[in-house]
Amino acid sequence: MAIAIVILILILVTVIFHFLSPWWFTPIASNWTSIDTTINVTLWVTGFVFIIVNLFLAYAVYRFRYNKNRRADYEPENKKLEGWLTLVTTVGVAAMLAPGLVVWADFVAVPEDADEFEVVGQQWSWSFRFPGKDKVLGKVDTRLISAENPFGLSLSDPFGKDDILVNSNQLHLPINQPVKVLQRSKDVLHNFAVPQFRVKMDLVPGLTSYFWFTPTKLGDYEIFCQELCGFAHYLMRGKITVGSLAEHQQWLTQYPTFAQTQNQPKGDLIAGKKHFQNCVACHGDQGAGNSALNSPRIAGLSQWYIKRQLSYFKDKIRGNKTDDTFGLQMASMMATLPDETAINDVAAYIESLTTIVAKEDLTTLTNATDLSKGKALYSNCRYCHGENGQGNYILNAPNIAGQYDWYLKRQIANFQNRLRGTHQGDLYGNQMVLMARLLHSEQDIDDVSAYISNLPTTVTKTSNQQQLK
Amino acid sequence: MAIFTGLREKPWLSQTPDLASAANNSATRNPGKTALKFFLAVVSMLFFLFIITFLSRTQFADFQALTGKPWLPLENSTQLWINTGYILLASVCFQISSAFKQVNYPTKLLMITLAIVFSVLFVFGQLGVWQTLAADGYLINTNPANSFFYLLTGLHVIHLLGGVLALLRLLFRLALTTNHQQFDANLKLVTFYWHYLIIVWLVLFALLTSSTETFKTIAQLCGF
Amino acid sequence: MTHIAIAEQLDDSHEPGGFVTKYIWSQDHKVIAIQYAITAIFVGLIALVLSAIMRLQLGFPDSFSFIDPSSYLQFVTMHGMIMVIYLLTALLLGGFGNYLIPLMIGARDMVFPYLNMLSYWTYLLSVIVLICSFFVTGGPTGAGWTLYPPQAILQGTPGADKGIILMLVSLAIFIVAFTMGGLNYVTTIFQARAKGMTLMRMPLTLWGILTATILGLLAFPALLVSAIMMLFDMLLATSFFMPAIVSLGDNLAYTGGSPILFQHLFWFFGHPEVYIVALPAFGMVSDVIATHARKNIFGYRMMVWAIVAIGGLSFVVWAHHMYVSGMNPYFGFFFATTTLIIAIPTALKVYNWVLTLWRGNIHLTVPMLFAIGFIFTFTHGGLTGLWLGNVVVDLPLSDTYFVVAHFHMVMGVSPVMVLFAAIYHWYPKITGRYFHQGMGKFHFWLTFLGTYAIYLPMHYLGFLGVPRRYFAIGDSNFIPDSAQTLNASITVSAIIVGIVQLIFIYNVIWSLKYGKKAPANPWGATSLEWQTPDTPPKHGNWGAKLPVVHRWAYDFSVPGAESDFIPQNMTDSEVTWVSGQPPQDREKT
């Protein structure tokens with residue numbers, strides 16, 4: 001008896017929940033309205049069946065509940081009824097399948113006028129490649145991938161020369177232009193998914209998969225990886241902006257062609273050293289940093305990392321919060337570096353510095369006593385920053401070994417307190433924001449900072465160290 | 001197909017039972033045979049899936065068949081033919097030992113022993129092929145064709161050794177009980193098992209020594 | 001043939017002597033069944049705890065320091081693998097299959113009792129290997145229960161050193177155990193049925209178990225093949241599934257392999273696996289419904305055909321798990337069609353369950369409550385399957401929480417409802433005592449309502465586009481904060497449902513000692529297992545004489561008969577007829 005009423009109530013709850021739920025498909029932003037139509041057909045057919053079958057169930061349970069004066073019917077089968085039920089079910093299934101197959105036929109056939117571009121996935125970031133003026137993407141080979149050629153383009157293929165390499169997880173697409181997304185992965189399976197576009201497809205290492213859509217609504221959307229790709233799967237995000245064609249072309253000009261990346265100036269050390277004089281006051285003439293002045297050690301940090309951080313400071317992507325006093329200080333210093341060339345030069349110079357700081361100077365956190373605890377916590381960091389904190393270009397992870405522990409602690413706290421990494425222009429900061437949340441107490445932060453600080457510094461020891469002391 | 005006519009039976013009608021029907025007749029029961037059939041179905045599925053995987057893997061660019069050109073190792077498959085001879089002889093011995101009623105027990109046991117010897121020769125023959133391949137630099141991870149060669153022949157040998165083990169257990173039990181009738185019935189199953197081994201081997205042999213062109217044709221026929 | 005003896009006369013060759021041979025190294029199918037069940041439920045409880053930890057993280061992110069992204073993925077993986085393989089498959093086939101097959105067909109034991117015992121010990125070994133992976137350095141694999149390469153064996157995945165090896169080895173051992181058991185089940189059903197027990201007179205439970213076992217025998221090899229090849233790729237550096245890869249900055253030596261090949265193999269096993277779990281559940285729930293509604297199962301033949309058809313079709317739908325895998329998109333047409341066709345026999349089964357209740361005389365016992373709950377949850381889960389099977393609807397929903405909600409509804413909650421129904425239903429036969437009614441009802445209500453409170457809202461997270469297997473959602477511009485509230489409420493329901501299961505365990509143990517003594521056939525059931533001379537059945541099941549079957553398994557409320565059920569082993573002349581005579585025409589009533 002109660003069960004009949006409960007089932008009735010559950011049907012009602014389900015229907016009410018469905019209609020009141022604020023959680024439903026995001027407003028569509030692509031041409032695939034036909035998918036939404038199929039979903040609606042499916043919803044109505046299955047919803048109807050759900051209600052009818054369970055209403056019947058509830059009624060049957062109520063109507064034929066135990067009565068000692070009654071006997072159940074004896075009815076082995078009823079061919080006619082079963083025949084009808086089969087027929088009706090078949091019709092219902094066909095009603096859902098037919099539109100589905102029609103829409104799938106659309107999905108499979110890429111329109112002639114679709115523009116091609118390529119999505120490249122790797123653990124745990126996205127990058128993109130556009131074909132350039134010749135409209136043809138150059139040949140690639142996974143085995144050619146290196147720090148200098150992160151896309152693995154073939155040097156000998158002329159079509160590759162003008163390919164535009166967007167080594168960033170932010171993508172821009174022109175509105176109302178069909179695009180064919182060619183997909184490639186460097187390592188494991190990924191899935192390029194934007195909920196508002198409705199369609200998605202796995203990226204498979206070893207082959208090129210594809211799908212197509214037409215963005216139909218201006219705005220910013222998020223790219224999610226939706227195929228489990230390892231430890232930091234949940235951090236593999238990107239951003240996609242749909243804008244006008246002009247904006248799109250403007251956006252493309254920010255990024256270098258393959259040929260340009262191959263001939264990039266390495267950086268002028270002499271010019272760099274000149275610019276570096278502005279840094280000396282705080283960071284020291286050998287970039288060893290200074291605890292008293294709250295300046296970190298920067299000597300030997302990779303050029304690409306310094307470049308990215310300096311650009312962030314310059315564009316107020318980092319050091320833009322009033323609570324981030326030292327970040328603001330850095331941002332104001334950026335006036336001394338007039339342009340990208342200057343940034344490139346000074347970054348090259350910093351990379352060439354080889355100072356390391358003595359362990360006892362690096363570790364100041366008296367709170368941190370347990371290196372084994374720090375090591376356990378560090379196991380989450382090592383995927384990207386490496387076993388010894390040496391960093392990894394391909395994962396966009398800087399070298400962190402041999403840094404002052406107070407500095408590491410402050411940066412982790414900044415990520416936790418959203419003083420760093422939350423600006424939408426910060427490509428990989430959001431990953432650190434989420435990772436920093438894994439440290440649940442100040443003790444944890446102290447322990448892991450001390451552990452990193454204690455990792456062997458990879459730069460060779462020089463006499464400069466003595467001098468600095 | 002009796003199952004399919006059976007499926008149309010209306011079991012609630014009282015006249016259905018036929019207490020003497022085959023399914024109820026203990027004289028025709030043979031659980032060992034039923035179990036063996038299902039077991040071989042499982043093994044067939046295993047090899048079938050490996051072969052399908054193999055065939056689809058042959059269509060990737062890096063696949064280099066082990067035969068087709070004079071310098072490729074399996075172009076000369078003499079050793080494999082010899083091995084085929086061994087396993088064929090083993091099967092023939094089993095057939096002789098189990099099929100003829102008039103064969104006396106000593107002959108029977110001799111035949112079984114010979115069959116085991118031939119089977120072991122087959123195993124060593126296969127090992128010999130492995131060694132030749134490895135010596136020529138065709139290691140397991142050099143090419144998917146090699147990987148499949150080692151994997152499939154290895155599995156087939158394991159399958160064979162499983163049969164040998166089961167057979168040894170039978171002989172052991174025969175020594176203990178001298179229940180000849182039981183032994184004869186089981187020997188029939190063993191014979192069946194060895195015939196099956198040959199069929200699997202011949203399929204594998206044909207596939208593993210096919211050339212790239214053959215694979216292309218097969219793949220096209222299968223629609224990969 | 002010595003095996004025949006088992007079926008024909010009491011064979012005391014393996015009659016147990018002391019405690020060890022009786023309860024440990026036992027060859028009695030009933031003891032083995034209970035060993036299987038206890039082991040399966042034990043690992044199931046581990047998996048339940050893992051899911052609770054996952055839910056804590058999802059419901060209250062950043063609140064618990066004992067879970068980080070690595071352990072989250074490891075728990076997800078182990079939870080899924082344990083539940084699907086080591087709990088459901090083992091409990092339904094190893095547990096119920098073992099217990100019920102010989103009793104329901106009227107045999108003394110399985111035809112190969114020794115092999116049966118071996119099957120259990122091999123299963124136990126696979127469980128031990130699996131549990132070992134929690135204690136090796138790096139922990140168990142975190143590759144997701146699908147174990148997709150390349151990531152399953154690459155450094156970016158937790159447990160990629162030792163965990164994955166132990167996982168694959170454990171699976172291989174499990175497959176060996178299953179094959180030994182499975183060969184036994186099919187041979188026993190085909191060869192050891194009692195006199196008069198034609199296939200079409202078997203209870204649907206046996207049809208479900210038989211078909212599921214055959215599916216398992218033919219599908220598990222696919223998993224074995226993929227496990228072997230992945231182990232080769234990992235340990236011997238072959239390139240079956242591994243293409244050229246740059247992993248975390250390292251150029252690996254692999255070349256040319258195909259990750260999609262693995263997926264085809266995996267799902268060629270994985271989809272039939274769904275039915276390996278579902279079909280025995282379908283069968284058992286049919287028997288529970290018929291018995292407690294005092295009515296024959298409606299459309300028995302249709303039910304059998306549907307089981308066989310579902311079993312057959314389940315081998316041609318696998319790639320519906322791979323619509324967005326990057327495989328040739330033209331496959332989508334074929335697999336969407338076959339997938340939606342399989343819905344038809346499945347729907348017919350649901351209709352027939354409900355139609356069995358119609359004009360029945362329904363006793364709302366605890367097993368019946370669970371069976372009714374099953375019909376509700378299965379309808380829900382089955383219908384959302386039509387969403388995901390229809391290829392374009394799958395595009396936005398695949399890899400979101402909709403999928404998680406769907407398969408938990410259809411493959412988690414529904415079979416578990418049947419398992420509870422079955423345990424409560426057969427408990428008096430297995431132990432000779434009733435379980436505690438009140439605790440049983442309490443267990444039912446909280447489980448039924450609780451699971452619906454978990455999974456109904458979860459579908460809506462999926463509609464929104466929330467991806468599955470995410471440790472945390474973090475900031476997002478389209479997922480409203482209310483989604484987090486929803487997640488928290490799901491977690492609370494999940495914790496409650498989890499705790500309620502302890503009451504079930506307590507009930508099972510408590511009733512063993514303090515439960516009311518049960519008669520041999522407390523529910524008035526017709527099938528053979530209720531007609532044993534002893535309760536619980538003794539070794540050899542049938543005393544001196546094997547039963548002979550005279551009717552199908554569903555003679556409930558037969559017109560003209562005085563009792564509202566006629567056991568299968570009763571002849572017409574043994575039945576007390578109201579008119580003194582059996583009615584002539586049984587078809588038209």
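**Packing and interfaces**

Reply: Helix H14 (residues 429-436) of chain A is mostly covered, since six of its eight residues are buried. This is a predicted model, and the description that follows should be read with that in mind.

Me: Which residues of H14(A) are buried?

Reply: A residue is taken as buried when its relative accessible area is under 20%. In H14(A) that description applies to A:Gly429, A:Gln431, A:Val433, A:Leu434, A:Met435 and A:Ala436.

Me: What covers the buried residues of H14(A)?

Reply: Six of the eight residues of H14(A) are buried, and the question is what lies against them. Among the elements that cover the buried residues are two of chain A, namely strand E10 (237-243) and helix H13 (405-416).

Me: How much area do domain 2 of chain A and domain 3 of chain A bury between them?

Reply: Chain A is divided into domain 1 (2-64 + 79-107), domain 2 (115-256) and domain 3 (269-468). The centres of domain 2 and domain 3 of chain A, taken over C-alpha atoms, are separated by 30 Å, and the contact takes 19 residues from domain 2 and 14 residues from domain 3. Carbon and sulfur atoms carry 58% of the buried area, which comes to about 1400 Å².

Me: Which three residues supply more than any other three of the area that domain 2 of chain A buries against domain 3 of chain A?

Reply: The side of domain 2 of chain A that touches domain 3 has eight nonpolar, eight polar and three charged residues. The share of the three residues in question is 37% of the area that domain 2 of chain A buries against domain 3, and they are A:Trp124, A:Phe231 and A:Leu235.

Me: Which residue of chain A forms a salt bridge with C:Arg301?

Reply: Between chain C and chain A, 130 residues of chain C are in contact with 110 residues of chain A, and the count of salt bridges is four. For the one formed by C:Arg301, the closest N and O atoms are 2.8 Å apart, which falls within the 4 Å limit. The partner is A:Glu77.

Me: Which helix gives the most to the side of chain C that touches chain A?

Reply: Chain C and chain A bury about 10500 Å², with 67% of it from carbon and sulfur atoms, and 41 residue pairs between them are in polar contact, both residues being at pLDDT 80 or more. The largest contribution to the side of chain C that touches chain A is 15 residues, and it comes from helix H10 (residues 331-357) of chain C.

Me: Which helix gives the largest share of the side of chain C that touches chain B?

Reply: The contact takes 57 residues from chain C and 42 residues from chain B, and about 4600 Å² is buried between the two chains. The count is zero salt bridges and nine residue pairs in polar contact, both at pLDDT 80 or more. Elements that give two or more residues to this side of chain C include helix H6 (163-191) and helix H7 (204-235). The largest share, eleven residues, comes from H7(C).

Note on methods: Residues are numbered from 1 along each chain as its sequence is written. Chains are lettered from A and ligands numbered from 1 in the order in which they are written. This is a predicted model: local features need pLDDT of at least 70, side-chain atom pairs count only at pLDDT 80 or more; totals for chains, interfaces and linings use all residues. Side-chain values use heavy atoms; hydrogens and water are left out. Contact means heavy atoms within 4.5 Å. Buried area is the accessible area (1.4 Å probe) that two parts lose on being put together, summed over both. A salt bridge is a side-chain nitrogen of Lys or Arg within 4 Å of a carboxyl oxygen of Asp or Glu. A polar contact is a pair of N or O atoms within 3.5 Å; within protein, one must be able to donate a hydrogen and the other to accept it, and residues adjacent in sequence count only if both atoms are side-chain atoms. Helices (H or I, at least four residues) and strands (E, at least two) are DSSP runs, numbered from the N terminus. Domain bounds come from an automatic or database domain assignment. Ala, Val, Leu, Ile, Met, Phe, Trp, Tyr, Cys and Pro count as nonpolar, Asp, Glu, Lys and Arg as charged, and the others, Gly among them, as polar. Buried means under 20% relative accessible area, exposed over 50%, partly exposed in between (1.4 Å probe, protein chains only).
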